[in-house]
Amino acid sequence: MRNLMQKFAIFMQGRYGTDKLNNCLFVLFLVLWFVNIFVFAPIPTLIIDAFEIAIIVITVFRSLSRNISKRSAENRAFMPVYNAVAGWFKLTYKKIRDRKEYRYLKCPICKAQLRVRNVKGKHRVHCPKCGSEFDKKI
Ligand SMILES: [Zn+2]
């Protein structure tokens with residue numbers, strides 16, 4: 001087993017490996033695979049299968065590629081999209097987790113997310129990012 005791992009490590013030397021884009025492509029593959037379980041019509045199933053195969057081919061190609069600078073550039077181009085989606089999920093998780101104690105507001109000037117205590121009444125909210133103040137009724 002150790003010999004096999006050494007052979008794999010030698011095989012992967014100089015190759016790109018994995019990154020966020022590959023991980024997200026794999027998650028997309030799993031989602032498509034799961035969706036495909038519930039699709040019974042033959043033509044849509046074939047289309048989803050084709051997407052799944054394309055995703056796996058791209059993921060394996062990127063992992064084994066020796067053109068590291070190009071794969072890194074692809075990952076850098078993908079990261080803003082990933083950060084936007086991951087940020088939305090993190091904020092939504094926080095909103096659900098803190099729903100009894102806090103209320104999340106958006107600053108009307110700089111659009112920053114602000115967290116205020118969930119107390120009924122009119123509040124004067126101060127944005128620490130841009131320094132503006134606004135009134136909000138909860
Ligand atoms: Zn602000």
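Author: What follows is a set of questions and answers on the fold, the surface and a few residues. This is a predicted model, in which local features need pLDDT of at least 70, side-chain atom pairs count only at pLDDT 80 or more, and totals for chains, interfaces and linings use all residues. Residues are numbered from 1 along each chain as its sequence is written, and side-chain values use heavy atoms, with hydrogens and water left out.

Reader: What share of the residues is buried?

Author: Buried means under 20% relative accessible area, exposed over 50%, and partly exposed in between (1.4 Å probe, protein chains only). The count runs over the 138 residues of the chain. The buried share is 26%.

Reader: How far apart are the mean positions of the positive and negative charges?

Author: Lys and Arg count as positive, Asp and Glu as negative; His and the chain ends are not counted. Each charge is placed at NZ of Lys, CZ of Arg, CG of Asp or CD of Glu. The chain has 26 positive and 8 negative charges. Their mean positions are apart by 4 Å.

Reader: What kind of aromatic pair do Phe 34 and Phe 38 form?

Author: Rings of Phe, Tyr and Trp (its six-membered ring) pair if their centres lie within 6.5 Å; planes under 30 degrees apart count as stacked, over 60 as edge-to-face and the rest as tilted. The whole structure holds four aromatic pairs. In this one, Phe 34 and Phe 38 are 5.3 Å centre to centre, with 75 degrees between the planes. That makes the pair edge-to-face.

Reader: And which kind is the pair of Phe 78 and Tyr 82?

Author: Both residues lie in helix α4 (residues 68-97), four residues apart, about one turn of the helix. Phe 78 is buried at 18% relative accessible area, while Tyr 82 is partly exposed at 24%. The ring centres are 6.3 Å apart and the planes 40 degrees apart. The pair is tilted.

Reader: Is Phe 40 buried or exposed?

Author: Phe 40 sits in the loop between α2 (20-37) and α3 (42-64). Its relative accessible area is 71%. Phe 40 is therefore exposed.

Reader: What is phi of Lys 111?

Author: Most residues other than glycine have a negative phi. Lys 111 lies in the loop between β1 (102-106) and β2 (113-117), and is exposed at 53% relative accessibility. Its phi is positive, near 65 degrees.

Reader: Which residues does Lys 106 touch, not counting those up to four places away in sequence?

Author: Contact means heavy atoms within 4.5 Å. Lys 106 lies in strand β1. With that sequence limit, Lys 106 touches Lys 111, Ala 112, Gln 113 and Phe 134.

Definitions and conventions: Helices (H or I, at least four residues) and strands (E, at least two) are DSSP runs, numbered from the N terminus.
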